[in-house]
Amino acid sequence: MSNGSLQDRLYGGLSTRKILDWPTRLSIALGAARGLAYLHSFPGRSVIHRDVKSSNILLDHSMCAKVADFGFSKYAPQEGDSAVSLEVRGTAGYLDPEYYTTQQLSAKSDVFSFGVVLLEIVSGREPLNIHRPRNEWSLVEWAKPYIRASKIEEIVDPGIKGGYHAEAMWRVLEVALQCVEPFSANRPVMDDVMRELEDALIIENNASEYMKSIESIGSNRYSIVMEKRVLPSTSSMVESTIIPQSLNHPQPR
């Protein structure tokens with residue numbers, strides 16, 4: 001893909017790294033969620049990716065997300081599938097702890113991994129980094145206390161601070177926290193994750209359009225200039241007003 005992977009853009013090499021603004025990150029998250037939701041609801045029998053991670057989310061020329069690399073993918077287990085290998089597959093930092101301990105595969109394993117990706121998108125941090133202080137090795141374990149204490153500024157990527165709507169950010173963090181629950185029964189399904197991200201993107205886009213309209217109003221307000229000039233013949237003062245064009249307010253989505 002022309003824009004590489006999400007991992008490249010978040011914290012890859014200097015040649016590929018690029019600060020993604022918050023609306024773009026949110027749009028990428030939603031695109032990936034839709035891809036996984038499609039797999040999990042595949043007609044006839046759902047497909048489990050088994051290796052959801054930021055390097056497997058590719059970005060096209062329009063920064064649209066594409067879920068890639070199906071080398072570990074399997075159909076969801078059904079009764080009578082005893083011959084199907086359920087050997088644990090995945091990547092450190094993204095691996096569902098319940099799947100690891102029980103070897104019982106379900107779509108909720110993808111949900112856990114996607115929750116880690118959401119935390120990557122918000123924080124710009126790797127899911128596992130042993131070069132950080134011991135309590136920051138795991139992105140999930142580092143982020144959880146801050147989210148529960150409502151200290152989102154502590155985990156938000158410095159590159160997007162001040163560039164997001166708080167309610168949209170909270171929607172993403174809350175669903176991410178649900179996704180990385182240790183027990184799969186407490187996690188949402190991908191359809192629910194997708195809907196939460198859709199709502200978050202609507203909130204973010206509406207907030208952005210509102211701010212643009214406010215800035216436009218402010219700009220036009222200051223463009224109303226009262227010019228005073230002296231007419232040579234009469235020496236009288238004449239005032240002229242520059243009237244701004246009508247504003248086109250965005251329609252609610």
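Leaving aside its neighbours within four places in sequence, with which residues is Arg25 in contact?

The model is a predicted one, in which local features need pLDDT of at least 70 and side-chain atom pairs count only at pLDDT 80 or more, while totals for chains, interfaces and linings use all residues. Residues are numbered from 1 along each chain as its sequence is written, and side-chain values use heavy atoms, with hydrogens and water left out.

Beyond four places in sequence, the contacts of Arg25 (heavy atoms within 4.5 Å) are Leu10, Ile19, Leu20, Ile121, Val122, Gly124, Asp157 and Ile160. Arg25 belongs to helix α2, residues 22-40. Helices here are DSSP runs of H or I with at least four residues, and strands are runs of E with at least two, numbered from the N terminus. With a relative accessible area of 2%, Arg25 is buried; buried means under 20% relative accessible area, exposed over 50%, and partly exposed in between, with a 1.4 Å probe and protein chains only.

## Overall organisation

The chain contains seven helices and six strands. Read from the N terminus, these elements follow the order α-α-β-β-β-β-α-α-α-α-α-β-β. Of its 253 residues, 39% count as buried. Among contacts in the chain with a separation of 6 or more, 62% are between residues 24 or more positions apart.

The accessible surface amounts to about 14,200 Å², and carbon and sulfur atoms contribute 52% of this. Such areas come from the Shrake-Rupley method with a 1.4 Å probe; for residues, only the protein chains shown count as cover.

## Lys53 in a loop

Lys53 lies in the loop between β1 (47-48) and β2 (57-59), and its relative accessible area of 16% makes Lys53 buried. Not counting residues up to four places away in sequence, Lys53 touches Thr91, Tyr94 and Val117. With Thr91 there is also a side-chain to side-chain polar contact of 3.0 Å. A polar contact is a pair of N or O atoms within 3.5 Å; within protein, one must be able to donate a hydrogen and the other to accept it, and residues adjacent in sequence count only if both atoms are side-chain atoms.

## Helix α5 and Trp142

In α5, the buried residues are Leu139, Val140, Trp142, Ala143, Lys144 and Ile147. The buried residues of this helix pack against α4 (107-123) and α6 (166-179). Just after α5, Ser150 has a positive phi of about 60°.

Trp142 is buried at a relative accessible area of 7%, and the charged end of Arg125 sits over the Trp142 ring, 3.7 Å from its centre. Arg134 likewise lies over the face of Trp137, 4.1 Å from the ring centre. A charge sits over a ring if NZ of Lys or CZ of Arg is within 6 Å of the ring centre and within 35 degrees of the ring normal.

## Confidence

The pLDDT, which is the predictor's confidence in each residue from 0 to 100, averages 84 for the chain, and 77% of the residues score at least 70. Over residues 222-253 pLDDT stays under 50, and the model has 36 contacts beyond four places in sequence for this stretch.
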